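Keep the sequence at hand as you read.

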Amino acid sequence: LDRITKDVRPEEISHAVLSTTLTTNAIVTGRLHPAGMIVCAGPGISVDALKICDDFHVVDGAMDHGGREIRRLNEGQIRAAAAKLKKRGITCVGVAGKFSTRNPAHELKIAEIIGPMFERVFIGHRITGNFNFPRRITTTFLNAAVYPVHKAFFNAVESSLVKRGLTMPIYILKADGGTMDFKTSIDFPGQSILSGPAASVMGSVPFAETDAETLVLDIGGTTTDMAVLVNGSPLLAQEGIEINGYKTLIRALKTVSV
């Protein structure tokens, strides 16, 4: 900040855009913060196939594809699952229901019950409105698991700006090459996954050939991130980010991190 704002008055800076590799690196290196999941799976799907983490709890309750309740929640199960997570030292929890995008009532009720017990509860239908239940579970889990590292980054940036009298609007680069308000990113920390690779891709666009394919390589300290530009344009991951075996619904430029 000191170098980039040297000889520039704070009031002359209209806004700042940040990019970070912190959450990407946490996932790729297997250093995710322990997080829990409470899931309403309903009938017709294998619970074992959904398990995304060790602290994974399935509770009774289900909506059908039209958003009608076909199985009531069991509040006793929910409180018991939350107590186990609390005992394990879990501070961030994700909640996901199979058809919550049609009717979020169960997710909201679970969050209401367990909210006072944890630092943060992430609710699946608010994280993504897209279908694909396994990917929505993974997406919700990763938001909970990367929240602590993203929060630390957020607080460090805020503190650094205040010390320097910088009050301009701050945005963070998302995985799809767009931006979001930095304060909003606290509620959607998963949007910072692949922020670093996205910056490299977007930065390479002005230099790419417009009638050929271009391979983009960003060789860093933790990962080498790769992408392909076709006729000067980046490609989108059709279903969402896939990183270190995690398949998500997070909209992103198509990149591979090794």
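Three strands make an open sheet in the order S1-S8-S9, with mixed pairing. Two strands count as paired if DSSP finds at least two bridges between them. Strands are DSSP runs of E with at least two residues, helices are runs of H or I with at least four, and both are numbered from the N terminus. The edge strands are S1 and S9 (179-181), and each pairs on one side only. Direction ignored, neighbouring strands of this sheet are turned by 35° against each other on average. Angles run from 0 to 180 degrees between N-to-C directions, and the axes are lines fitted to C-alpha atoms, for helices over the stretch in contact.

S1 pairs with S8 (residues 170-173) in the parallel sense, over 3 bridges. Look for Leu 18: its bridge partner in S8 is Ile 172.

A word on the model itself. It is predicted, so local features need pLDDT of at least 70 and side-chain atom pairs count only at pLDDT 80 or more, while totals for chains, interfaces and linings use all residues. Residues are numbered from 1 along each chain as its sequence is written, and side-chain values use heavy atoms, with hydrogens and water left out.

Now the other open sheet. Here 4 strands follow the order S3-S2-S6-S7, and the pairing is parallel. S3 (56-58) and S7 (120-123) stand at the edges with a single partner strand each, so one side of each has no neighbour in the sheet. From one strand to the next, the twist averages 20°.

S2 (residues 36-40) joins S3 in the parallel sense over 3 bridges. Val 39 has Val 58 as its bridge partner in S3. Val 95 stands opposite Ile 123 in S7. How does the chain get from S6 to S7? The path goes through helix H4 (residues 105-114), and this β-α-β crossover is right-handed. Right-handed means that, with the strands pointing away from the viewer, the path from the first strand over the helix to the second runs clockwise.

Which helices lie across this sheet? Helix H3 (residues 75-87) lies across S2, S3 and S6 (92-97), and runs at about 165° to S2. Contact here means heavy atoms within 4.5 Å. H6 lies across S2, S3, S6 and S7, at about 165° to S6.

Next come the empty spaces. Rolling a probe the size of a water molecule over the atoms shows where empty space is left. The search uses a 1 Å grid over the protein atoms alone: a cavity is a set of points where a 1.4 Å probe fits but cannot get out, a pocket is an open set with protein on both sides within 12 Å along at least five of seven lines, and lining residues have an atom within 4 Å of a point. Grid points are joined across faces, edges and corners, and a volume is the space filled by probe spheres set on the points.

The largest pocket has a volume of about 230 Å³. Its lining includes Leu 1, Ile 4, His 15, Leu 18, Leu 161 and Ile 170. S1 (16-18) and H6 (133-163) are the elements that give two or more residues to this lining. By class, the lining has 10 nonpolar, 2 polar and no charged residues. Nonpolar covers Ala, Val, Leu, Ile, Met, Phe, Trp, Tyr, Cys and Pro; charged covers Asp, Glu, Lys and Arg; the others, Gly among them, are polar.

How many cavities of 30 Å³ or more does the whole structure hold? The search finds 2. The largest cavity has a volume of about 70 Å³. Among its lining residues are Cys 40, Met 63, Lys 98, Phe 99 and Glu 107. S4 (62-63) and H4 are the elements that supply two or more. The lining divides into 5 nonpolar, 5 polar and 2 charged residues.

The second largest cavity has a volume of about 40 Å³. H7 (195-204), S10 (213-219) and S11 (224-230) each supply at least two residues of its lining. Val 216 and Ala 227 are among the lining residues. Ala 227 in S11 is also the bridge partner of Val 216. S10 and S11 run antiparallel, joined by 7 bridges. They form a hairpin with 4 residues between them.
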